[in-house]
Amino acid sequence: MNNDYVGFANLRTGICFELLGNRKQAIKFYEKSDEGNKDIDEDIYAERLGKIFVQKPITEDFKTIQHLKNLLKLKMYKDAEELLTKTLSEQGTSTNLKAELYLLLSELQLIKKNYDDALENALLCLKFNGDKENTIAAEAYYRAAVSLSNLKRETEALYYLKKIESIDDFDFRTTIKNKAYSLLRKINKQSD
């Protein structure tokens, strides 16, 4: 039997049950989140997060981030931007949440091809993250590099791509490093 994405599916099912208010059922799925393929980023992520969620419920910050990611996947960009702006302006928003919100705002600006704004938000993400969360840092470095590459500032883009290489352990490592490598090849090809 192929176990690709089984851990990720169990994690997502657990999250759904928890969002529906059924923590007991959610835990059953979180406990199975280690049953996936240990070579796939999503299953590695699911195993790590599943262990955390067995111990403690998902946070309001996590719910907000997931809601925003869903809006972006559904291409509901106006709704995502409104929620991002509203949440960033709220009193008491933690620095960790601000880092993730600026990361998502950077992603939204990349989608809209607003590269200056995407870069600014990636840098704000890094400022609020302060290298505390490796996954956020790696994704922000990548978004900064993409923005800079589109702004024809290749030397600066290469700097941020190298920063990704300096991070040891983070979620979706293979995915992010592959995207970074593709961007590096594109930059090198343009300079030939």
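Seven aromatic pairs are counted in this predicted model. One of them, Tyr 45 with Phe 172, is tilted, with 4.9 Å between ring centres and 40 degrees between the planes. The largest pocket has a volume of about 1,600 Å³, and Tyr 45 is among the residues nearest its centre. The structure holds zero disulfides.

**Aromatic pairs and cluster**

- The pair of Tyr 45 and Phe 172 joins distant parts of the chain, the two residues being 127 residues apart. Tyr 45 belongs to helix α3 (residues 41-55), while Phe 172 is in the loop between α9 (154-165) and α10 (173-191).
- Tyr 45 is buried because its relative accessibility of 13% falls under the 20% limit.
- Tyr 159 and Tyr 160 make an edge-to-face pair, at 5.0 Å centre to centre and 80 degrees between the planes.
- The two partners of this edge-to-face pair fall into separate accessibility classes: Tyr 159 is partly exposed at 47%, whereas Tyr 160 is buried at 15%.
- One aromatic cluster is formed by Tyr 30, Phe 53 and Phe 62.

**Charges over rings**

- Lys 32 places its charged end over the ring of Phe 29, 5.5 Å from the ring centre.
- Lys 127 lies over the face of Phe 128, and here the distance to the ring centre is 5.4 Å.

**Largest pocket**

- The lining of the largest pocket comprises 45 residues. Nearest the pocket centre are Tyr 45, Ile 65, Gln 66, Lys 69 and Glu 100.
- Helices α1 (6-19), α3, α4 (60-73), α6 (95-111), α8 (134-150) and α10 each give two or more residues to this lining.
- By residue class, the lining consists of 22 nonpolar, eight polar and 15 charged residues.

**Cysteines**

- Cys 16 is partly exposed, at 45% relative accessibility.
- Cys 125 is buried, at 0% relative accessibility.

**Asn 114**

- Asn 114 is located in the loop between α6 and α7 (115-129).
- The relative accessibility of Asn 114 is 29%, and the residue is therefore partly exposed, the class between the limits of 20% and 50%.
- Asn 114 and Ser 147 are separated by 33 residues in sequence, and their C-alpha atoms are 8.4 Å apart in space.

**Positive phi**

- Most residues other than glycine have a negative phi.
- Lys 75 has a positive phi, near 60 degrees. Lys 75 is in the loop between α4 and α5 (77-89), and at 60% relative accessibility this lysine is exposed.
- Lys 152 also has a positive phi, near 65 degrees. The loop between α8 and α9 holds Lys 152, which is exposed at 59% relative accessibility.
- Both lysines count as exposed because their values, 60% for Lys 75 and 59% for Lys 152, are over the 50% limit.

Note on methods: Residues numbered from 1 in each chain as written. Predicted model: local features only at pLDDT ≥ 70, side-chain atom pairs only at ≥ 80, totals over all residues. Heavy atoms only, no water. Phe/Tyr/Trp six-rings, centres within 6.5 Å; stacked < 30°, edge-to-face > 60°. Helix = DSSP H or I, 4+ residues; strand = E, 2+ residues; numbered from the N terminus. Buried < 20%, exposed > 50% of the residue type's maximum accessible area, 1.4 Å probe, protein only. Lys NZ or Arg CZ within 6 Å of the ring centre and 35° of its normal. 1 Å grid on protein atoms, 1.4 Å probe; cavity = no way out; pocket = protein on both sides within 12 Å on 5 of 7 lines; lining within 4 Å. Points joined across faces, edges and corners; volume = space filled by probe spheres on them. Nonpolar A, V, L, I, M, F, W, Y, C, P; charged D, E, K, R; others polar. Disulfide = S-S within 2.5 Å.
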